[in-house]
Amino acid sequence: MAVLVLFVAGLALSLLTGPVRLTAGDFVRLIGHPDPVHRAIFIDLRLSRAVLAFLVGAALALSGAILQGYFRNPMADPFVVGVSSGASLGAVLATALGFEAAAFGFSGPGLLAFFAGLGLVSFVYALSLRRGGFKVETLLLTGIAAGALASALTSFFLFMRSDSYDQAVFWLLGSFQIAEWGQVATIAPWVVLCLGAAVWLARDMDLLALGDDTAQALGSPVRRVRKAFLAMSALLAALAVAVSGIIGFVGLVVPHWVRILIGPSHRQLFIASAAAGGTFLLYCDLLARNLLPAELPIGVITAAVGAPFFLYLLHKKR
Amino acid sequence: MDDLGHPFPLPSAAPRRIVSMAPNVTEILFALGLGGRVVGVTRFCDYPPETRDIPRIGGLVDPNVEIIRSLDPDLVIAFRGNPLRLVERVRKLGLPVFVLDIGRGLDDLFPLIDRIGRVTRAESRAAEMAAALRRRVADVDTALRGIASRPRAFVLLYGQGLWTCGGESYVSDIADRAGGVNVAAALPKKWVLYKREKVIQDDPDVIFILARSAADFESGRQRLERMPGLAGVKAVKDGRIYEIDENAASRFGPRLVDVLVRMAAVVHPERFGGMT
């Protein structure tokens, strides 16, 4: 409920703040005889951006909530299995090669980031499947190693093409500068679908917390559940990266806030994480747009705001 | 057709509200007498001085889409130095965006002026301006015909480190057209960080310092002269270190011809009556 109020307030602030000064009256007048400039700024720029920020925040937080349950490890986040490192490599490679054509509402780097992110996760998963069955620890370690390799390549390409550095920064630290309705339409159905599926399978996730063997004994199809959750979290993270670059901290921290506030039941955790993650990112984007005359990459804000708040919650509880 | 390959239908009437997303475009628009129609420029657009009072749309790499839209332009001229994703975002708002590439050499300047003239429907003025600039370049070519030697030039960008222009920079081309040879021309980059020992090994005959002010030039020259090992370099020994206006040289606009004339005059004083 509180999240809903915050969300509505954040949305209103998003619409009414920006480098061009417009008032609530200007917004209301859109209904009668719309001024095309005001319409473009309110609807095409500010509203699409706010909605996209919300969706990406929801996707990242949900992905993080899923992975923390999946690994039974509070340190897990959407990027630990290699999505972010794969995606940054894809994006930087696209920029370095001048592959900038756009398709399906994604920019060239976005498209390549999406596939490279998912590709690296699949590669990591396939690697950890070999040699005597699948183990979660192997997946985690393989993901970290493959991620480090991808990061090294990313730095290499950045170094080789120093003139594309400015562009790359907005990829590596995230930004909603180019938000538009096409991107919203591309990712919204997937985010909704994954949230639905995660909520539907939430009971099985609760069982996983007791250990794979116990969960199996209690009638949960552990292998299939694990696959489905891994695929969902990877898809969510890759979509988020494809439209906005790499935004850290949301996936790691938001599920913790929610767990501290409402407890560990996964059904509520998934729904509340998505709502809280979306609202959190909406506010972070507000700051990114308005804090300085020039825009900040949003990754700077998520960490700067998220970390202190997280510490506060953690210690208040004790 | 613009330099991204997007077809660009010529406007039937001359655009009245133009947003320029790069300093060299702003400069050309003003040189064409269209300054009064420019409604938005970047924060780097400082030439000519009249640009000071025009609303700013942000910087070269961080133009603000919302401000651009609010200016309600009927023509946006972007540049390949602008982030493509932002240029595309402006285009998706339904604004007419014309994207121009930066030139590789001095000769690319004339078609650039022509094309800006075409999209702003100032064709004849653009043709006159390009022709006048071409004449001045031709005068330099004539003056340099049959030169006996091509002095070796090192171009230094004032600031931290020895940044110089590689072979892909149009500044390297201008040094060449001025009857010199850029010592870093073999490096396949626009701008590169050069090594001090390379400068000593290259032993340039002249050194150009691209500086924003006489004070910057002076401090740049003193820094060079004091650098260990550089005192033996020919240009330093002969005192052939010259100032080039960085503001003019860093923008792919009409003042590049001034840079050419200046470089030619100091590289080959014998051909320009010793004026330096």
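## Polar contacts and salt bridges between the chains

Between chain A and chain B, six residue pairs (both at pLDDT 80 or more) are in polar contact. A polar contact is a pair of N or O atoms within 3.5 Å; within protein, one must be able to donate a hydrogen and the other to accept it, and residues adjacent in sequence count only if both atoms are side-chain atoms. The structure is a predicted model, in which local features need pLDDT of at least 70 and side-chain atom pairs count only at pLDDT 80 or more, while totals for chains, interfaces and linings use all residues. Residues are numbered from 1 along each chain as its sequence is written, chains are lettered from A and ligands numbered from 1 in the order in which they are written, and side-chain values use heavy atoms, with hydrogens and water left out.

Two salt bridges cross the interface of chain A and chain B, a salt bridge being a side-chain nitrogen of Lys or Arg within 4 Å of a carboxyl oxygen of Asp or Glu. Lys92(B) is joined in a salt bridge to Glu180(A), with 2.7 Å between the closest N and O atoms.

## Extent of the interface

Chain A brings 24 residues to the contact and chain B brings 19 residues, where contact means heavy atoms within 4.5 Å. About 1,900 Å² is buried between chain A and chain B, and carbon and sulfur atoms give 56% of this area. Buried area is the accessible area (1.4 Å probe) that two parts lose on being put together, summed over both.

## The nonpolar cores

The largest nonpolar core has 82 residues; those that touch the most other members are Val56(A), Ile66(A), Phe71(A), Val81(A), Phe176(A), Phe229(A) and Phe270(A). Helix α11 (residues 222–244) of chain A gives the most to this core, namely 15 residues. Another core, of 60 residues, lies apart from it and includes Ile18(B), Ile77(B), Phe98(B) and Ile244(B). A nonpolar core is a set of buried Ala, Val, Leu, Ile, Met, Phe, Trp, Tyr and Cys residues joined through side-chain atoms within 4.5 Å. Buried means under 20% relative accessible area, exposed over 50%, and partly exposed in between (1.4 Å probe, protein chains only). Helices (H or I, at least four residues) and strands (E, at least two) are DSSP runs, numbered from the N terminus.

Beyond its neighbours within four places in sequence, Phe176(A) has contacts that include Arg49(A), Leu52(A), Val56(A), Ile247(A) and Ile298(A).

## Backbone features of chain B

The peptide bond from Tyr47(B) to Pro48(B) is cis, its omega being near -10°. Pro48(B) belongs to the loop between β2 (38–40) and α2 (65–70) of chain B.

Asp72(B) is not a glycine, yet its phi is positive, at about 50°. This residue, Asp72(B), is found in the loop between α2 and β3 (75–79) of chain B. Arg121(B), also a residue other than glycine, has a positive phi near 55° and sits in the loop between α4 (109–119) and α5 (123–143) of chain B. Asp72(B) counts as partly exposed because its relative accessible area is 38%, and Arg121(B) counts as partly exposed because its relative accessible area is 33%.

## The surroundings of Asp205(B)

Asp205(B) lies in the loop between α7 (196–202) and β9 (206–211) of chain B. Its relative accessibility is 14%, so Asp205(B) counts as buried. A polar atom of the Asp205(B) side chain is 2.7 Å from the backbone nitrogen of Arg152(B). Apart from neighbours within four places in sequence, Asp205(B) is in contact with Pro151(B), Arg152(B), Lys234(B), Ala235(B) and Arg240(B).
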